[in-house]
Amino acid sequence: MTTTTQVDPGSHAKRPAPKRPRARSSLFARGEPMVWITGGALILCLAMIVGLLAIVFINGFAAFWPVPIERVTTLHGKTLMGEVHDKDTYVPTRAQVAELVPQEKVETIFAAIQEEGGESTRRSLRTGNFELTQTNFHWVSDFEVAEDTQPEWATLLERLTWGRFYGFPKEFRIDGKVVASGPAETWEQFEKWHGELIDRYDEREDLKKGPLGDVDKAKRAAAKELRVVELDHGRFSEQYAAATKVFDAQVAALDKEREPISEKIAALQAENDRYVMVMRTADGVDQPIRVADIVRGYQANQQGFFGKLGIYFSRWHEFIWDDPREANSQGGVFPAIFGTVVMTLLMIIFVVPFGVLAALYLREYAKQGMLVSIVRIAVNNLAGVPSIVYGVFGLGFFCYIVGAGIDELFFAVDLADGNPTFGKGGLLWASLTLALLTLPVVIVATEEALAAVPRSMREGSYACGASKWQTIRRIVLPRALPGIMTGGILALARGAGEVAPLMLVGAAKIAPELPIDGEFPFLHPQRSFMHLGFHIYDVGFQSQDSVGTRPLVFTTTLLLILIVVALNIVAIWARARLRKRFYT
Amino acid sequence: MNDDRARLSEEEQQEHPIAPASAQEPDTPAHLEQSGVYQAVKEDRAFDTAVHDELRSESNVVQIDDFDLWYGEKQALYGVSMGVPRSKVTALIGPSGCGKSTLLRCVNRMNDLIGSVRIDGEMTIESDPIYGPVVDVIELRKRIGMVFQKPNPFPMSIFENVVYSLRIDGVRNKALLEEVCEKSLRGAGLWDEVKDRLHESGLGLSGGQQQRLCIARAIAGEPEVILLDEPCSALDPIATQKIEDLIHELAGSYTILIVTHNMQQASRVSDYTAFMYLGRLVEYGPTQSIFVKPQLRETEDYVTGRFG
């Protein structure tokens, strides 16, 4: 950029030196590409997260929506009925085609497939009726279909045992006598009696869990007392003989107590057993089904939008509030939801005070130097230790050392019979293990929050004659509380989603008893518990029927995400309130 | 805590780079002595502070005797001796880095919070030693109120801010707390502005109000001395005016020691003024004399703006 035109030609000596060329035109100098690079990175991250969430949400929310029931007749004359579960495209070989269609049609069908590019679509039908067919799913290729209909009276029954049943209502029997036949009449009878039977079933279950369970518990307690005497005095002592007498009397009394309850249960059972619905499958087999075993039944192809909506919500309700059945492949996940929430809250109760105290010492009391720096680095590094290592530590230290010690001191009788109380995985040890796992998060966040409290505020407090602890308690901690809560929120999210260590220290496939119930002392920290994260693993990868349980994987994942989000929202709300209080 | 100290001095230096002492040798007015303070400082020699006679008749609340202070290796105060007269306002002036804030913070031992500080010399409040192995720092600080450069209300309600010193003493009597709160806020000229929102956060007040809240907090503990560390440097002129008026009002009932950068402020609010230079107390006398007819040329240079 020379300026010759502007310079007076007479004053050559004063002419300014030519300017250094400016990189004004360089794209990088203007920073434009950085906008795109940073923005692109953000979009990539968002796309991955949104994609993951979308998969979970779409599959999770769609899982319980009722779909039509299709009846397919193959060229071989076989009839299948069920819901379309999956679809894909494949390239059938001649052998595959030959296997699926009658001999005489192989050539023409194979030729037709070849003409259309060699590809064929097939669908996976969920046909249920496991007790008859020993399988839940059938693949049906489009070329083997002779007839494909959606029958009006195709009925889906969800049962307590054996999973789903697809068929047509044939007749309704009470005490073996046919009271209705034909689909419409049979279904009318079913709807008439079903609610009553379910109530009776629930009553029976309540009796089993409540009074009957109490009697059995009392029996076990009596047996334990006897066992204590045996361990203390020996089997041939006088005391043992006396105790045996007491025990026998107790058992007799309890048995007497038990009898009417058992009778009641048997009566309810017998009453329910009177009602049977005979279902005819698509290929013409009649199958009697006890009505009390049926959880839900409907004609998928007759349902309007609102009917489907009703079924949809009824399924969600069952999923959230019921216990699992059939090795977790059916029913609900309530114990897992409960276990997850209780375990996470317990973990937070352990980790936050611990972390805050540790951070307080590290930041406020310890002389800042080499040693403290090393401790700080070590704490930060703990966050990078694989979580399964914490699980191993938890099992080895909490369960086998601390737990075994507690057992020896307080539960020697159970231990002698080979039933460890605390010396195995349980809620308490799982919470402590996860507390350990999330401790670095809390310590780091708390330290940052403490460091961010302005020096002037501390000085003001000291100048008023406050001691160090008074300053910390009245000024520093309140001011740092939102930051500490951020640490808690991070710990919560981390802890709620953790599965690997739980497998070692207390999460169970099925835990019949909730860790909190009405029985003294109400919280049972020694019990194993169910956890949604572990449930996902169990249902998705350990189940016999992993195809059938796939929707449950998504719904469970969805539930876990929603629970973590809900817990976080509560914490964030609390933090916002605190901020408002301390910062404005 | 080394880094704290470093940060502190760094901040001060960045804010006001110190002009080299002997950079300019201004013309000497006829009535002033050639004291040679610059020379003495340069050669690290001790010299006597020019103390005006008026001070000898005052009774002192705080007495400082031959006080030295080091930040690690660096000495910040050199043999400072002075008394703080009862029920009077005493101003500490001097160029940045002269040690006036350091001296102020020695009175209530705020410098203890900095690990590397070492001191030598005597300091007493009402004849009780401030430094010494048997002194309870917390009890000592309760006898001394302090207001800082930046308003630093605590993250709590106005009410709780004011009664903080009572709270930490464990006072629970609600009537007493309310009485002290009102009295202190009235004393700080803030009562009428905040009486309807005592239970709102103190952080919601304006800067000037916050500073008056801090003054209310300082006088709530009924201190024997109030230390003001450049209390107006973060405030606008109107808020400054209010604080200065307040200092006037407090002067009769409290002994006040104030550090200020602003010489007009010193001349307006104080009864006595001490001029400090590079850690030494150079001249100390009635404000009127210091600003109009100082004994030393160096003081004159500073107060007239020829140096500093």
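## Basis of the model

The model is predicted, and local features are given only where pLDDT is at least 70, side-chain atom pairs only at pLDDT 80 or more, while totals for chains, interfaces and linings use all residues. Residues are numbered from 1 along each chain as its sequence is written, and chains are lettered from A, with ligands numbered from 1, in the order in which they are written.

## Overall form of chain A

Chain A holds 18 helices and 13 strands, where helices (H or I, at least four residues) and strands (E, at least two) are DSSP runs numbered from the N terminus. Its radius of gyration is 35 Å, well over the 25 Å that the globule rule gives for 584 residues, so chain A is more spread out than a compact globule; the radius is taken over C-alpha atoms, and the rule is 2.2 Å times the number of residues to the power 0.38. Along the principal axes, the C-alpha atoms of chain A fill a box of roughly 125 × 90 × 45 Å.

Of the 584 residues in chain A, 31% are buried, a residue being buried if 20 or more other C-beta atoms lie within 10 Å of its own, exposed if 12 or fewer, and partly exposed in between, with C-beta atoms placed from the backbone.

## A five-stranded sheet

Chain A has an open sheet of five strands in the order β4-β3-β2-β1-β5, with antiparallel pairing; two strands pair if DSSP finds at least two bridges between them. Strands β4 (137-141) and β5 (145-149) of chain A stand at the edges with a single partner strand each, so one side of each is left without a neighbour in the sheet.

Within this chain, β2 (residues 79-90) and β3 (residues 120-126) of chain A pair in the antiparallel sense over seven bridges, and A:K87 has A:R123 in β3(A) as its bridge partner.

## Two loop residues with positive phi

A:N129, in the loop between β3 and α5 (130-133) of chain A, has a positive phi of about 50° although it is not a glycine. A:N129 counts as buried, because it has 25 C-beta neighbours inside 10 Å.

A:Q134, in the loop between α5 and β4 of chain A, is likewise not a glycine and has a positive phi of about 60°. A:Q134 counts as exposed, because it has 7 C-beta neighbours inside 10 Å.

## Contact between the chains

The contact takes 20 residues from chain A and 21 residues from chain B, with two residues in contact if their C-beta atoms, placed from the backbone, lie within 7 Å. On the side of chain B that touches chain A, α4 (137-142) and α6 (164-168) of chain B each supply at least two residues.
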